[in-house]
Amino acid sequence: MAENNQNIQTQIDDINRKLDLVLEHVNQQRLKREMIDDLVADTSIITKDAWDSTVKELDNQGIELDIDDIKQLIFKFLKNIKNFTEVIAMFESINDLMKDASPIVNEVGVDMIHKLHEFEEKGYFEFLKEAGNITDKLITHISPEDLRKIADNIPYIADTLKKLSNTDMLKTMNNAADVYQQMDGEKVEEYSLWKTMRTMNSKEMKKTMGFLMTFIKKLNQENQQQKSTNQ
């Protein structure tokens, strides 16, 4: 009998313990509900105050809001959430790209600075500066009429430059320039008439005179032929 009473008491204690847990849970739910009710009430007050302040400020600014327009804007925003998400994803991709490209951009910048320094040491910038001075002087001393004449004679100028680019011609001109630089006007030997005649009788001078005469003769023939063509 005592054992049965003990089992009954144990069951009653267990039921009481479970009831205490249920009551504690119900009390916690009540407290949460009261907190939520308070939060909703406070939020309602804040929202109402914010709305009243916004309406008052818009009224002071002379701005009228159409509720239907606001609804349409919200609907459009909701419909285009996917587009906004894609735009944000695109900006994130651009940001990642910039982060990845930053070392490359920095390296390119450093290389460019080194290359500019190299150009400066080689005198490129000084060359460009002097080229600008040459251009300025050309513009100052060459009139538009001169430029038109040069333009009209471009074919002849190009043909002349093409002939001057011949290797033998360039070597001859270079040798002539070298000889001219080596000559000292004060140390040039004086030639008497008799010495001149005797020098002209040498094989070298005869060949030189023959070259000059042939050159003049062919030049005269070319000029005559050019005049006939122009007529």
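By class, the lining of the largest pocket splits into five nonpolar, four polar and four charged residues. Keep in mind that this is a predicted model. The volume of that pocket is about 470 Å³. Its lining has 13 residues. Which of them are the closest to the centre? Those are Asp 159, Lys 163, Leu 219, Glu 222 and Asn 223.

Where does the lining come from? Two elements give two or more residues each: helix 6 and helix 9, the latter spanning 203–230. Helix 9 has the largest share, with seven residues.

Are the two partners buried or exposed? Lys 162 counts as exposed, because its relative accessibility is 58% and the cut-off is over 50%. Asp 159 is at 31%, so it counts as partly exposed.

Next, the neighbour of helix 6. Helix 5 covers residues 144–152, and helix 6 covers residues 154–164. For packed helices in general, the description is the angle between the axes and the distance between them. Here the axes come within 4 Å and cross at roughly 65 degrees. Which residues meet? From helix 5, take Ile 150, Ala 151 and Asp 152. From helix 6, take Ile 154, Pro 155 and Ile 157. That contact has five nonpolar residues, one charged residue and no polar ones.

Glu 145 pairs with Arg 148, and their closest N and O atoms are 2.8 Å apart. These two are three residues apart in helix 5, which means a separation of about one helical turn. Glu 145 is partly exposed, with a relative accessible area of 38%. Arg 148 is partly exposed as well, at 47% relative accessibility.

How many salt bridges does the whole structure have? The search finds five. Let me show one more, in helix 3, residues 81–122. Lys 115 bridges to Glu 118, with 3.3 Å between the closest N and O atoms. The spacing is three residues, about one turn of the helix. Lys 115 has a relative accessibility of 38% and counts as partly exposed. Glu 118, with a relative accessible area of 29%, is also partly exposed.

Last stop, helix 1. This helix runs over residues 2–60, and Gln 9 lies in it. Gln 9 is partly exposed, at 39% relative accessibility. Now look from Gln 9 to Leu 39, which is 30 residues away along the chain. How far apart are their C-alpha atoms? The separation is 45 Å.

To recap, then. The largest pocket takes seven lining residues from helix 9. Helix 5 and helix 6 cross at roughly 65 degrees.

Methods. Residues numbered from 1 in each chain as written. Predicted model: local features only at pLDDT ≥ 70, side-chain atom pairs only at ≥ 80, totals over all residues. Heavy atoms only, no water. Axes fitted to C-alpha atoms, helices over the stretch in contact; angles between N-to-C directions. Contact = heavy atoms within 4.5 Å. Nonpolar A, V, L, I, M, F, W, Y, C, P; charged D, E, K, R; others polar. 1 Å grid on protein atoms, 1.4 Å probe; cavity = no way out; pocket = protein on both sides within 12 Å on 5 of 7 lines; lining within 4 Å. Points joined across faces, edges and corners; volume = space filled by probe spheres on them. Salt bridge = Lys/Arg side-chain N within 4 Å of Asp/Glu carboxyl O. Buried < 20%, exposed > 50% of the residue type's maximum accessible area, 1.4 Å probe, protein only.
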